[in-house]
Amino acid sequence: MMRRAVISLCLVLAMGLLVTPQAFAYDFFTGACSGGDSSASSVCQTSSNDPITGPNGVIRKVANIVALAAGVVAVIMIIVAGMQYVTSGGDPGKTKTAKNIIIYTVIGLVVIVLTDSILGFVLSKL
């Protein structure tokens with residue numbers, strides 16, 4: 001009974017990842033360009049109108065579409081794995097397969113969130 005409660009809690013936490021707001025990388029250089037002659041530094045110059053790397057550029061749009069599609073697939077995979085776990089009837093092979101699907105799906109979601117954060121950080125510096 002305790003094992004089912006732990007697995008249920010893990011599933012609820014995994015679903016919580018899907019409804020959290022988009023993660024952004026912390027910018028350590030927020031005040032670095034505010035004082036002095038910042039026009040000489042290439043780090044302080046930003047171009048937000050670039051159609052490729054800008055905030056509404058092609059790279060950001062493609063990344064958002066891929067992240068959305070991966071999130072939808074992850075939800076479907078977690079539901080399928082949960083159904084497989086419930087209907088396994090105690091078969092160790094089926095339960096192990098279902099657990100592995102859930103674990104790898106959660107790992108994939110974490111990778112997607114980290115990738116989106118890193119991409120946002122890199123694109124903000126271009």
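User: Which secondary-structure elements does the chain hold, and in what order do they run from the N terminus?

Analyst: The model is predicted, and its chain has three helices and zero strands, so read from the N terminus on as α-α-α.

User: What is the mean pLDDT of the chain, and which elements have the lowest and the highest values?

Analyst: Confidence is read residue by residue, on a scale from 0 to 100. The chain has a mean pLDDT of 76, with 60% of its residues at 70 or more. Among the elements, helix α1 (residues 2-19) has the lowest mean, 61, whereas α2 has the highest, 92.

User: How can I check the span of a helix such as α2 against its number of residues?

Analyst: The idea is to multiply 1.5 Å by one less than the number of residues, and then to compare the result with the separation of the end C-alpha atoms. Helix α2 (residues 58-86) has 29 residues and should span 42 Å, and its end C-alpha atoms are 42 Å apart, which agrees. For α3, the 34 residues should span 50 Å, and the end C-alpha atoms are likewise 50 Å apart, in agreement with the expectation.

User: Which residues of α2 and of α3 are buried?

Analyst: The general idea is that an α-helix has 3.6 residues a turn, so residues three or four places apart point the same way. In α2 the buried residues are R60, A63, G71, A74, I78, A81 and G82, and in α3 they are T95, A98, I102, T105, L109, D116, S117 and L123. For the chain as a whole, buried residues make up 16% of the 126 residues.

User: Is T105 buried or exposed, and which residues does T105 contact?

Analyst: Burial is judged by relative accessible area, with under 20% counting as buried. T105 sits in helix α3 and, because its relative accessibility is 11%, counts as buried. Leaving aside neighbours within four places in sequence, T105 is in contact with A74, M77 and I78, and of these partners A74 and I78 are themselves listed among the buried residues of α2.

User: And K99, how far is K99 from A81 in sequence and in space?

Analyst: K99 is found in helix α3 (residues 92-125), and at 26% relative accessibility it counts as partly exposed. K99 and A81 are 18 residues apart in sequence, while their C-alpha atoms are 7.2 Å apart in space. For the chain, residues 24 or more positions apart account for 64% of the contacts with a separation of 6 or more.

User: How many salt bridges does the count come to, and which residues form a salt bridge?

Analyst: The rule asks for a side-chain nitrogen of Lys or Arg within 4 Å of a carboxyl oxygen of Asp or Glu, and the count comes to one salt bridge. R60 forms a salt bridge with D116, with the closest N and O atoms 2.8 Å apart. R60 lies in helix α2 and D116 in helix α3, so the pair ties together parts that are 56 residues apart in sequence. R60 is buried, with a relative accessible area of 12%, and D116 is also buried, at 13%.

User: Which residues form the nonpolar patch on the surface?

Analyst: V110, L114, I118, F121, V122 and L126 form the patch, with about 510 Å² of accessible area together. One of them, I118, is placed in helix α3 and counts as exposed at 55% relative accessibility. The chain exposes about 9000 Å², of which carbon and sulfur atoms supply 71%.

Definitions and conventions:
Residues numbered from 1 in each chain as written. Predicted model: local features only at pLDDT ≥ 70, side-chain atom pairs only at ≥ 80, totals over all residues. Heavy atoms only, no water. Helix = DSSP H or I, 4+ residues; strand = E, 2+ residues; numbered from the N terminus. Buried < 20%, exposed > 50% of the residue type's maximum accessible area, 1.4 Å probe, protein only. Contact = heavy atoms within 4.5 Å. Areas by Shrake-Rupley, 256 points an atom, 1.4 Å probe, with all protein chains shown as cover. pLDDT = per-residue confidence, 0-100. Patch = residues over 30% accessible without salt bridge, like charges linked within 9 Å, V, L, I, M, F, W, Y side chains within 5 Å.
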